[in-house]
Amino acid sequence: MATTVAAAPAHAAHSQSGLWSWVTTVDHKRIALLYFFTALAFFFIGGLEALIIRLQLSHAGATLISAQTYNAMFTMHATTMIFLALMPMSVAFFNYIIPLQIGARDVAFPRLNAFSYWVFLFGGIFMNLSFLMKMAPDGGWYGYATLTSKTFSPTHSIDFWAVGLQVLGVASLAGAFNFITTIINLRAPGLTFMRLPVFTWMTLVTSFLIILAFPVITVALIMLMFDRLSPAATNFFNVAAGGDPVLWQHLFWVFGHPEVYILILPAMGIISEVLPTFSGKPLFGYAFVVYSGIFIGFMGWGVWSHHMFTVGLGPLGDTFFALATMLIAIPTGVKIFNWIGTMWGGSIRLVTPMWFAIGFISMFIIGGLSGIMHSSPPADTQQNDTYFVVAHIHYVLFGGTMLGLIAGIYYWFPKVTGRYMNETLGQWHFWLTMISMNLTFFPMHFSGLLGMPRRVYTYQKGMGFELYNQMSTAGALLLAVSLLVFLHNLIRSIRKGEVAPSNAWNGATLEWATATSPPPEFNFQKLPTVKTLDPLWHQDGPKGHKIDVGGTDGHGIHMPNPSYWPMFSAFGMTVMMAGLIFGLALGVPGGLLFVYSTYRWALEPAS
Amino acid sequence: MSEAIAAAAGSAPVVPDDHHYTSTGQSSRKILFWTFIGSECMLFGSLIATYLIYRGRDKVGPHPHEILNIPLTSVSAFVLLMSSLTMVLALAGIQRGEMGKTRLWLAATAILGMMFVGFQIYEFNHFVHEGLTLSTNLFGSTFFVLTGFHGAHVTVGVVWLWTLFFLTFTGRIKAGNDLDVEICGLYWHFVDVVWIAIFTLIYLLQ
């Protein structure tokens, strides 16, 4: 691995700027910012798609957009939010926080980290280019066979979706390999596994879920792509040749259900950091929360068929998956009680990150309860494919994941920028979000139970859906306003926010021990030695152990050199994959660039 | 640096092999590679499961028992297994600092891998000639995609082995770079093990 050796103080002054320095950066903190702003941009694109959906549904028989455009909107809304907004936003936090929390100078493989980001960016752009070619994916985010077959989807829309997801899968996998290795192998001296912050733990569990779940969707997408090959198509989902469309559903949900936990566990990790800090006491039942997270990770593999209760798997299969699904509610409930127990008797500081963490708990409980409702096959049969499920998924992914991520943004903003976000605007953001998200998603429970099907571009008058849909649309518009308040706060606070000290909130974990905010490029001049859980809260007192990151350990600090080969490699790979749709004219040059760049990357001077 | 930190911690292990401090004492590259292999298990697991689910559901032939050539594939499986032996010898060579032997066994491993791929190309050609293609039936789809992916993995391994082979001449791979060979070996043995599973489940247990 390429390294430069610099005397520590001199290195601090050596911070680079300019566009090229961002293209070649291998610093985990800069890559985190790239991830963050890219994910935020995609989040607003996905939000725009949601607004178009809500406007089309604002009254019965609306004709704002065609049925075909509507199909593309809900497909791309879900795909964008899951793969281009929420997951990469979590990865932005992994990138910024994990090396700091474990007392490391960077991730284990800084260039691989850069590669992950660039693959994500190019994959996201590639998938959205489909709009320009008027071939936006329109088969739903879980792309059920046989709708995705060449017969029923003759254009390249499904190809864009399948290839785009393959490319994004590479980014997720490379990132997950990197974070598992980083957490296992780069912990500061004395930082044993049961002293790891919960966010680090949840990142580890999430990363294991990614490396085991993504290969399954990769295989499913490979089959789909081969089925769509012409002239020599395979028969994986071709019913005429004996193929079984239900196989797609199994493969998709064997990936898809762990994916749900990939989305929620990082947010659970974040609020497990936020709640203790603002309650002024350690997390209640640390070990229980950690083991519950691991248990959820395991159990996440045994519940996939609860997405398929209406397929007709038979009583035995349905019973097994119903019980497993109910079982998984237990560790989730354990966590909720631990969070409440953390606040119990604490000296609570009600600032914005804490508000969002409490918002997470309350909204996630609603989403969790509707989840338990459709763990029962007879109830699910009623709710399947209705807006009730849409309500559930938005309570867990917006009320859960998104609120957790926003809590994280307000919480770690002072570490990233050296400034606090504005508290007044933060409160406005929080209350607007709470009112608008409930106004948007709560009525969907009712429209769903009344029988309003999801993914249908309109509805008839007199079905009783009008009021609920008007409420949802009004809520969505208000939600957009709350996000603009957030955006304003974010941009304003970067330049004008109140200056924050290094440990901005009196946090307990190592990221708050860096000498400055933002931390120096090498994070810690001297790697800290850890002897307890919540090390910064145990520095003083009789058994106190000072966390010392100043001075020097007598050797230079080794930091990796910047490199542009990961970016070229990612670009080459994306173009090569695009060649699967557009032929060898793209595939061959892309492949050559990919191989050449990867070799240059691998052969960059060793340390 | 690592010694100083270990001294400060009192107990932390020290790693000599790539001169970076790590918590486990293992090289990060090796840990990353093991996680990669875990991921690959799910990839091949899904492909093999699909093959098994669709076995015997074909509406038209050729069926597996009519076309699979066990003696021929036993030979190619033997060739691939032997390449694991030569891979071990290549690693032993570089661990002892014997670069001549390292080169010899790296090249031998790569050539055995190429022979395996050659057998596969012959087999695929033969099957197409017999009327089994990707589109013929479920057997054709599942068989070609599964074994094709395995063959592609072997091909990547062959390219990797030749790369290491040539790098021993440029000085980039020299005595002391055991880890570069060891990780390639991990990949190679994994691809071998996958073949044992495929050979057993597809060829032997028809």
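**Note on the predicted model of chains A and B**

1. A:Asn523 is placed in the loop of chain A that runs between α15 (466–496) and β2 (557–560), where helices (H or I, at least four residues) and strands (E, at least two) are DSSP runs numbered from the N terminus. The phi of A:Asn523 is near 65 degrees, a positive value in a residue other than glycine. A:Asn523 is buried, with 25 other C-beta atoms within 10 Å; a residue is buried if 20 or more other C-beta atoms, placed from the backbone, lie within 10 Å of its own, exposed if 12 or fewer, and partly exposed in between.

2. The model is predicted, so that local features need pLDDT of at least 70 and side-chain atom pairs count only at pLDDT 80 or more, whereas totals for chains, interfaces and linings use all residues. Residues are numbered from 1 along each chain as its sequence is written, while chains are lettered from A and ligands numbered from 1 in the order in which they are written.

3. The loop between α15 and β2 of chain A also holds A:Asp534, which is not a glycine but has a positive phi of about 50 degrees. A:Asp534 is partly exposed, with 19 other C-beta atoms within 10 Å.

4. Two cis peptide bonds deserve a look. One runs from A:Ala145 to A:Thr146, with omega near 5 degrees, and A:Thr146 lies in the loop between α5 (110–132) and α6 (157–185) of chain A. Another joins B:Gly61 and B:Pro62, with omega about -5 degrees, and B:Pro62 is found in the chain B loop between α2 (28–54) and α3 (64–67).

5. In chain A, the axes of α8 (residues 245–279) and α10 (residues 315–343) come within 8 Å and cross at roughly 20 degrees; axes are lines fitted to C-alpha atoms, for helices over the stretch in contact, and angles run from 0 to 180 degrees between N-to-C directions. α8(A) and α10(A) are therefore roughly parallel to each other, the term for angles under 35 degrees, with over 145 counted as roughly antiparallel, 65 to 115 as roughly perpendicular and the rest as oblique.

6. Between chains, 37 residues of chain A are in contact with 35 residues of chain B, contact meaning that the C-beta atoms of two residues, placed from the backbone, lie within 7 Å. On the side of chain A that touches chain B, the elements giving two or more residues are α6, α7 (198–227) and α8 of chain A, and α7(A) gives the most, with eight residues.
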